[in-house]
Structure formats: structure tokens, C-alpha cells
Amino acid sequence: MVNPPTSQYAENWRHPLSRTDWLSGAFFTDLARTLERGCFDMIFFADALAVPEDRHGEYATTLRTAGKGSIYFDPITLISHVAGATTHLGLGATVSTSFVPPYAIARQLLSADHLSGGRVAWNIVTSTTDAEARNMGQPRIASPAERYDHADTVVETVRELWRSWAPGALVHDRVSGEFADPERVHRIPEGLRSRGPITLPRSPQGEPVLMQAGSSSRGRDFAARWAEIVFAISDSPEEMRAMRTELRDRARIDYGRDPDSVRVLQGIQPIVGGTDAAAQAKLAELQAAIDLPEALTKLARLLHANTLDPEGSAVALLDAHRGATGSTGFEDMLRAVSERRGFTVADLAREQAMNQLHPQIVGTPAAIADELEHLFRSEAADGFIVFPALYHSSFEDFVSGVVPELQRRGVFRSSYAGPTLRDQLRA
């Protein structure tokens, strides 16, 4: 997951080992080549459609502190740029169902899928804030239930458009003069949000892969219905296992899907060192760079709070500002972790600034591989979303250290299974 200037670590942009040329194309192509060298399935780009605002509707705090969301490229542009610098790496773009017409989503992603040779995934989001709605000409964001209901229709429409050309519809017969068989191209069912057909045949992988990250109950239902890749947010192996089981059961029981068609990936932040002591020292150095007053300011902005008592209860703070982020699942996760770990407000601010409360695995390449292999073999995860503490050094440490260790154990590929993203997911 890539979203500079910070990713999950708030001080990323200030660290001397972190690259800051994220307004240049080389930042993204260099990173993509590193990930491809490590046989990663995919690079995907987060997105939001507004600079995050505080309780007064102002964006000053976000910009002054390099808050997450202060910089966002258009993800379709990014995957198109990275596609030319890579051969096998999957390319994930975040596109909102709330503000982009289904036909535009379908054609943009299918175009990129063709041009990349079948490597594109759509990270489906519904957007979460009034600031995004206002930027897109609407007075406010819809309720979560309304957004997901709308998203169901959008995804159904997009998939029907992708399938409006049957396999073999593009004949391209120079002798007979038939370019495409109109009998194999059709309009999509009535009642959806387009008429079709789309202006492209099917891509080398058929259609882009669907990815989704909702963690609320409604979000999990959406994932069970549509997602091929689920970006999960869990704080413990037990929670990871329970979420994976629930998603697979929902997919099978509620939607008649093969549960193995749903890959549940857990977010992790690895801190890699040559020795355990070196890894712990690296973590301590990263933590020491977090300024508590500034971390509290960022937390107040996130929760639309006025002033914060550092020694107060994090759970009480979260309960008092329920709904501020627009993401029910994210707030559920913050509260559950804060309650289980007995966080004060200061603890929550520091942890949010360090890793946004995602699991952090610290140690040697072998120790990190031990933990990832255990989570995989114990069916807590089908794979992982890797968050860097620093660009690009955290990814380079992982690719140079952890990936060879996983390959040596036979739990991770040493080469790509084929040219498309679906080839990697099926392997």
C-alpha cells in the first residue's frame, strides 16, 4: 500500500532515510521495480478526494503536519505510469463508487487492464467525508448504508459492462472483413446505471480484480458479495482468524461463492533489523521521532475534537466522537484496540502516529518470516498488505531480507506464475 508522504508512520516524510521525491515519477517507478524484484502480487494506491478537515471544516492542520491525505495523486494516472516500468507487478487503483459514474469506472480500469497486459485491480471505496462530497459538488456525504447500497449497484453495473463483450467478440478477420461480431456484444440489464456496451473487449485477465477494505458489518457483507481481495484490519491473530472465517462463510452461505475465491490480506508494518536488538533500536528511534503534542493535534483533527486530555481514557474519547471519521469499521478497530490495551489518549495518539494501530512485526528477517508463516499456516491470513515505516527503505529491507527467507521455506513464490494478476492469485 502506497500513499506518501507518510504511509502509516506520521514522521515518514521527515526521516533522513526516507525519500521525499514523491511528486516525481521516479519515486513510484523505483518503488514498483523493488516490489517486482520481491515478487509482490501488487502495488496499490490509496486515495481520497479531499484534504482531511478538522471539526471547523479547515484543512490547515493536515497540511501543516503532513497529515495523511495531504497529498494524493489520481490512482488511475499512477497505475498507468507504473505499468510501463514493470512487467508482472499487479496495479491497484482506488476509485470511489459514490462520485464516479459506473461507465467511467469501467472504461478507465478496463483500459488500464488492457494496456498493462491484465494486471489491474480496483480497490473499491465509497468515500467517507463531507469534504469529499463538497469537492464533488454534493452538500454532504450519504450515510454508510446508503453508500454501500449505491456501491452494490455501481459494482454490478461495472461488472456487466466489462462482460458486455463476450469472449471471442473481437473477430478482427482481415479476409472476411468482419471486425467484431455484434451478436457477441450486448447491452447490460435494465435497472442498472448504464446501457452499454462498453467500448472495449475483455482484457487479458477477463476483467480487473475486485478489492475492498470495509471492516464494518455492512462492509464485510459487501466484501463477501464482491471482493476477490479483502484488505482486513485486525489487531491479533485471533481477530484475524475470526474475520477471515466470517468473510469466507458469508461468501459461501449468503452469495454462493467459492470461499477460496476470497483472499483475506492482513495489514502489517514490519520493522526489519539484522539482529533483534537492531530491529528494536530502529523501532525505538522511529518512536522517539514522534512529537506527542503534534500527535495529539493530529488525533484531535482526525476525531474532530477540540482539546484532548493526554491522560484521559482513549475509549471515552472515541465514544464521545463516534462517527467523526466517517468509517465505522476503522472506529470500531480503534476502540477495540484501545480497550484491550488500556490506552490513554496519549497512548492512542502515539500509536496512531506510528502505525495507525495495525499489527507491527519487529525483528530479524527470520523472526518476521516466522510470524508471517505462522499466521498463514494457521489460517489467520491468506497474505499481507505491507505498510512501510519509511519510503523506500522499509520495502527494500523487506524485499532483501524477509522475501528470501519466505522463499527458502517454500511459502512464497520465487517467480511470477504468469502475466496477469489473476495468475498470481490462482497460483
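Helices (H or I, at least four residues) and strands (E, at least two) are DSSP runs, numbered from the N terminus. This is a predicted model, in which local features need pLDDT of at least 70 and side-chain atom pairs count only at pLDDT 80 or more, while totals for chains, interfaces and linings use all residues. Residues are numbered from 1 along each chain as its sequence is written, and side-chain values use heavy atoms, with hydrogens and water left out.

**Helix α8**

- Helix α8 runs over residues 237-255, and its 19 residues should span 27 Å at 1.5 Å a residue; the expected span is 1.5 Å times one less than the number of residues. The end C-alpha atoms of α8 are 26 Å apart, which agrees.
- Met-240, Met-243, Arg-244, Leu-247, Arg-248, Arg-250 and Ala-251 are the buried residues of α8, where buried means under 20% relative accessible area, exposed over 50% and partly exposed in between (1.4 Å probe, protein chains only).
- Because they cover an arc of only 155° around the axis, these residues are on the same side of α8; the arc is that of the directions from the helix axis to the C-beta atoms.
- An α-helix has 3.6 residues a turn, so residues three or four places apart point the same way.
- Glu-238 and Ile-253, on the other side of α8, are exposed.
- The cover over the buried residues of α8 includes α7 (217-226), β7 (229-232), β8 (263-272) and α14 (365-377), with contact taken as heavy atoms within 4.5 Å.

**Helix α9**

- The 13 residues of α9 (residues 276-288) should span 18 Å at 1.5 Å a residue, and the end C-alpha atoms are 18 Å apart, which agrees.
- Buried in α9 are Ala-279, Leu-283 and Leu-286.
- Their arc around the axis is only 60°, which puts them on the same side of α9.
- On the other side of α9, the exposed residues are Ala-277 and Ala-288.
- Elements covering the buried residues of α9 include β8, α13 (345-355) and β9 (360-363).

**Pocket and cavity**

- On a 1 Å grid over the protein atoms alone, a cavity is a set of points where a 1.4 Å probe fits but cannot get out, and a pocket is an open set with protein on both sides within 12 Å along at least five of seven lines; lining residues have an atom within 4 Å of a point.
- The second largest pocket has a volume of about 870 Å³ and a lining of 33 residues, with Asp-41, Asp-382, Gly-383, Phe-384 and Phe-412 nearest its centre. Grid points are joined across faces, edges and corners, and a volume is the space filled by probe spheres set on the points.
- At least two lining residues of this pocket come from each of β1 (42-45), β8, α14, β10 (383-386), α15 (393-408) and α16 (421-426).
- The largest cavity holds about 70 Å³ of space, and its lining residues include Val-2, Phe-28, Ile-71 and Leu-78.

**Backbone features**

- Gly-196 and Pro-197 are joined by a cis peptide bond with omega about 0°, and Pro-197 is in the loop between β5 (178-180) and β6 (209-212).
- Another cis peptide bond joins Tyr-391 and His-392, with omega about -10°; His-392 lies in the loop between β10 and α15.
- His-172, in strand β4 (residues 170-173), has a positive phi of about 55° although it is not a glycine.
- Gln-356 has a positive phi near 55° and lies in the loop between α13 and β9.
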